[in-house]
Amino acid sequence: MSQETTGAPLEIIAASLRRERTRAGLSLTEVARRAGLAKSTLSQLESGTGNPSVETLWALGVALDVPFSRLVEPERPKVRVIRSGGGPTVFAEHADYACTLLSACPPSARRDMYLIRAEPGTPRRSDPHMTGVMEHIVLCAGRARVGLLEAPEELNPGDYISYPGDVPHIFEALEPGTYGVEISEYV
């Protein structure tokens with residue numbers, strides 16, 4: 001059977017191999033070694049000029065720790081919608097502060113995204129998180145004092161702040177209905 005009659009999606013396979021190898025953080029040499037292939041063969045496959053067999057694709061799937069289907073089907077955009085008021089929400093113990101997880105850290109990234117809501121009153125004081133955490137906040141509505149505990153900044157809607165999350169920090173609502181989006185980046 002020829003490629004013309006099977007419709008082997010060489011460009012899809014090439015893009016999938018590059019994507020999955022990058023996601024795994026592996027070099028061409030390492031993936032080729034794990035799959036029992038010559039590095040030149042893998043290079044040709046990633047450039048779309050090779051003609052892989054089923055056995056070769058299975059070996060590459062094993063080497064990359066992905067299902068066979070992920071190498072031969074186009075990647076489909078993953079659309080996720082969380083409606084206002086939805087999503088897993090956790091409340092602060094000593095402040096009128098709620099944190100809703102919008103997106104957990106996927107395997108290829110090192111960040112989580114939250115919707116944070118706060119009301120005036122007791123500020124949300126956070127102890128240091130693990131070493132290397134950076135927090136990024138865009139205030140969407142209201143006003144707030146945000147940042148390092150000893151020197152927070154006043155934010156208005158549309159303002160952005162980033163600060164190390166591995167030192168004591170604060171989020172204090174200054175107006176009712178204050179909310180923003182936070183990204184915790186794990187460096």
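## Close-up views of a predicted model

The average pLDDT of the chain is 86, and 93% of the residues score at least 70. The model is predicted, and these legends go through it one view at a time.

View 1. Start with the overall outline. Taken along the principal axes, the C-alpha atoms fill a box of roughly 70 × 30 × 25 Å. The radius of gyration is 23 Å, whereas a compact globule of 187 residues would be near 16 Å. Of those 187 residues, 34% count as buried. Now for the contacts with a separation of 6 or more: residues 24 or more positions apart account for 61% of them.

**View 2. Glu-46 sits in helix α4, which covers residues 39-47.** Is Glu-46 buried or exposed? Its relative accessible area is 7%, and buried means under 20%, so Glu-46 is buried. Which residues does Glu-46 touch, once its neighbours within four places in sequence are left aside? They are Ala-14, Leu-17, Arg-18, Arg-21 and Leu-28.

**View 3. The loop between α5 (54-64) and α6 (68-72) holds Asp-65.** Phi of Asp-65 is near 60°, which is a positive value in a residue other than glycine. Most residues other than glycine have a negative phi. Asp-65 has a relative accessible area of 71%, and the cut-off for exposed is over 50%, so Asp-65 is exposed. Pro-67 is found in the loop between α5 and α6 as well. With a relative accessible area of 43%, Pro-67 counts as partly exposed. Pro-67 and Leu-57 are 10 residues apart along the chain, and their C-alpha atoms are separated by 9.8 Å.

**View 4. The largest nonpolar core has 17 residues.** Which residues have the most contacts inside this core? They are Tyr-97, Ile-116, Ile-137, Val-146, Ile-161 and Phe-171. At least two residues of the core come from each of β2 (97-103), β3 (111-118), β5 (133-141), β6 (144-148), β8 (160-164) and β9 (169-173). Apart from this core lies another one, of 15 residues, including Leu-26, Leu-28, Ala-32 and Ala-35.

**View 5. Zoom in on Tyr-97, one of the residues with the most contacts inside the largest core.** Leave aside the neighbours within four places in sequence, and Tyr-97 is in contact with Val-90, Phe-91, Ala-92, Ile-116, Arg-117, Ala-118, Arg-124, Phe-171 and Glu-182. Among these partners, Ile-116 and Phe-171 also belong to the core residues with the most contacts.

**View 6. An open sheet of 6 strands runs in the order β1-β2-β3-β10-β5-β8.** The pairing is antiparallel. Which strands stand at the edges? They are β1 (89-91) and β8, and each pairs on one side only. From one strand to the next, the twist averages 25°.

**View 7. In the sheet of 6 strands, β10 has β3 and β5 beside it in the order.** Strand β10 covers residues 178-186. It is joined to β5 by 8 bridges, and the two run antiparallel. Look for Val-133, which stands opposite Tyr-186 in β10. On the β3 side, 8 bridges join β3 to β10, again running antiparallel. There, Asp-112 has Ser-184 in β10 as its bridge partner.

**View 8. β5 and β8 pair in the antiparallel sense.** How many bridges does this pairing extend over? There are 5 of them. Glu-135 can be picked out opposite Tyr-163 in β8.

**View 9. Another open sheet has 4 strands, in the order β4-β9-β6-β7.** Its pairing is antiparallel. Why is one side of β4 (124-126) and of β7 (153-155) left without a neighbour in the sheet? Both stand at the edges, each with a single partner strand, so there is no neighbour on that side. Neighbouring strands of this sheet are turned by 15° against each other on average, direction ignored.

**View 10. β6 and β9 run antiparallel and are joined by 5 bridges.** To find your way around this pair, look for Arg-145, whose bridge partner in β9 is Glu-172.

Note on methods:
Residues are numbered from 1 along each chain as its sequence is written. This is a predicted model: local features need pLDDT of at least 70, side-chain atom pairs count only at pLDDT 80 or more; totals for chains, interfaces and linings use all residues. Side-chain values use heavy atoms; hydrogens and water are left out. pLDDT is the predictor's confidence in each residue, from 0 to 100. A nonpolar core is a set of buried Ala, Val, Leu, Ile, Met, Phe, Trp, Tyr and Cys residues joined through side-chain atoms within 4.5 Å. Buried means under 20% relative accessible area, exposed over 50%, partly exposed in between (1.4 Å probe, protein chains only). Contact means heavy atoms within 4.5 Å. Two strands pair if DSSP finds at least two bridges between them. Axes are lines fitted to C-alpha atoms, for helices over the stretch in contact, and angles run from 0 to 180 degrees between N-to-C directions. The radius of gyration is taken over C-alpha atoms; the globule rule is 2.2 Å times the number of residues to the power 0.38.
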